[in-house]
Amino acid sequence: MCGIIGYTGPKKADTVILGGLHALEYRGYDSAGIAFFEKGGALRSVKSAGKIACLENKLASEENVNTRCGIGHTRWATHGAPTDVNSHPHGNERLMLVHNGIIENSRELKLELEKQGYVFKSDTDTEAAALLIDACTRDGDRLAGILKAIKKIRGSYAFGILFADTPGEIWAARQDSPLIVGLGENENLIASDVTAILAYTRRYLALENGDVAKITRDTVTVYGADGAEVKREPQTALWDLAAAMRGGHAHFMHKEIYEEPDAVKKTLFPRIADGIPDFTPEGLSPDRIKAVRSVRIVACGTAYHAGLTGAAVLERVAGVRASAEIASEFRYRNPVIEADELVILISQSGETADTIAALRLAKAAGAFTLGIVNTVGSTVARESDAVLYTYAGPEIAVASTKAYTVQTALMTLFGVWTGLIRNTVSEDVARKYVSDLTVALPAEIKKIIAREKELKSIAADIAEKDDMFFIGRLFDATLAAEASLKLKEISYIHSEAYAAGELKHGTISLIEPGTPVVALSSEAGIREKMVGNMKEVVARGANLFVFAAGKEGTTELREMSKIAFVCPDCPETVAPIALATAMQLLAYQVSLARGCDVDQPRNLAKSVTVE
Ligand code: M6R
């Protein structure tokens, strides 16, 4: 989604802003722009459709860009095509504004502003906000004017604003779209996320809904919705710049997959005491968990798949009724939420609009909410009753990989802790899970990564096809869904994920000679049934690729498949998590083989901050 960066200080603002925009590229965008004060003090903007390189080319031929204050934006088109004119910033000779979010009443505002004589140049919703703020601040009182304008705006926004007559000053405002103020030495920044400021500082303030802030190189003043000054506590990002860079890998996705073994350990170790799980220091009391009648997990995309795994662990291991739901459906279907439910929100970014809405709905219904979040200080983290951070570090590639691995590992540990509290799991079983999760899982992921060449050869076969299947049962059905999502998003190959036993109820009609089928088999207990389902597709000419864990019954799997990828020593408790790494690397290799943009696939954004 869109990205914002702003800078005021002694450095060349255009250089800082372009660096920040590059750091925000991972969010997905289709055009970019920058506004800055010229040497003489006039306010200027340069905008371009396409990649940031196009904006850089334009800027290179501009004169007078030597500036110490400016704002920049990467746009992911919602209202109006990705063109130069529709790119941000918007405004006029008095004011320039960049915006993340959606102005829902932009049509209404536009009609009102046109009556006042304003002329619109773009098709965007943002221009209405820019010109409205101009209209409200014409008398010179910036704070009162911005507050007056945002009262008239319906929708979500993070704004960065420059006024022509106050060079060096940036104004910011937010509602339902994240915005932070980076706190530097003799310089300050604004940004839509922390990755954009890491080159300069790790200290920042997270603005809250309704906040308006005035930022100069040495002051940051935050005002609440009533105009009174408010204090926002400075936070320190846990990530450093190196963590956000590619570190020698060809793509962020590749680097992030390789980081999984460490990310698992970092996420799980703080929750283990004397060899068994313990979440009490994080605000979760055993009494509360005992009193919970059911658990509902709400999330989107890959995080939803992690939720499905979490729900399955909670039911199987802890004997508690648990389900997972897609946030965008949940929020609009008038769900019955009971006060003795535990509602878990899983989100890498913590800023996914639908997940935030689901969280608010659950809170309003009186349920206890638990955020499982990778980004410190994000909205889901701040607004949940309790939060468990995943320590995966920054995830830059649009395709979520290490975030999924740590989410599923953490949910498994949480399920085991819940089982201990509810007496469905003995201490010995809990210890075995802990050892599988913290020792065997990282080791098995490393082994899978070391076998990337094998995955490349399977990828070569799949890359030539337009359709394929992923099948599995139980945990592997969820893994199949995640594997299919990963492949679709970065290779643009259509695939179906199916519970293997369900195929013959219709979809098997799509299998024809040569159709690639990836069959997942991580559980020995259900292997015989899986073998039956594999035979069904082989009989119809499918190219079968088997991914399995364990030793029992794997000879037959090898015989049946074109290529078998077996992890003989991987414990069943963690096999679906480990095999996810193989699925991620497979998708990565297919994407490479097809020459796709691995890290920034078409039409997708990293953080989906609009519904
Ligand atoms: O930041 P979140 O975890 O809330 O994001 C949820 C989804 O948008 C995300 O997982 C998406 O499906 C990824 N592109 C999948 O790789």
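1. Aromatic pairs number seven in this predicted model, where rings of Phe, Tyr and Trp (its six-membered ring) pair if their centres lie within 6.5 Å, and planes under 30 degrees apart count as stacked, over 60 as edge-to-face and the rest as tilted. For Y7 and Y200 the ring centres are 6.4 Å apart and the planes stand at 45 degrees, so this pair is tilted. Y7 belongs to strand β1 (residues 3-8) and Y200 to the loop between β10 (188-191) and β11 (203-206), so the pair ties together parts that are 193 residues apart in sequence. Helices (H or I, at least four residues) and strands (E, at least two) are DSSP runs, numbered from the N terminus.

2. On the basis of the record, this is a predicted model in which local features need pLDDT of at least 70 and side-chain atom pairs count only at pLDDT 80 or more, while totals for chains, interfaces and linings use all residues. Residues are numbered from 1 along each chain as its sequence is written, and side-chain values use heavy atoms, with hydrogens and water left out.

3. The ligand is surrounded by 14 residues, the closest being S347, Q348, S349, T352 and E489; a residue counts as near if one of its heavy atoms lies within 4 Å. Helices α10 (301-318) and α17 (475-491) each supply at least two residues of this shell, and α10 gives the most, with three residues.

4. An oxygen atom of the ligand lies 2.6 Å from a polar side-chain atom of S349. For K486, a side-chain N or O atom is 2.9 Å from a ligand oxygen atom, and for T302 a polar backbone atom is 3.1 Å from one. The protein buries 91% of the 410 Å² that the ligand exposes when taken alone, with accessible areas from the Shrake-Rupley method with a 1.4 Å probe.

5. The peptide bond from H88 to P89 is cis, with omega near 5 degrees, and P89 is in the loop between β4 (69-75) and β5 (90-91). L474, a residue other than glycine, has a positive phi near 55 degrees and lies in the loop between β23 (467-472) and α17.

Definitions and conventions: A polar contact is a pair of N or O atoms within 3.5 Å; within protein, one must be able to donate a hydrogen and the other to accept it, and residues adjacent in sequence count only if both atoms are side-chain atoms.
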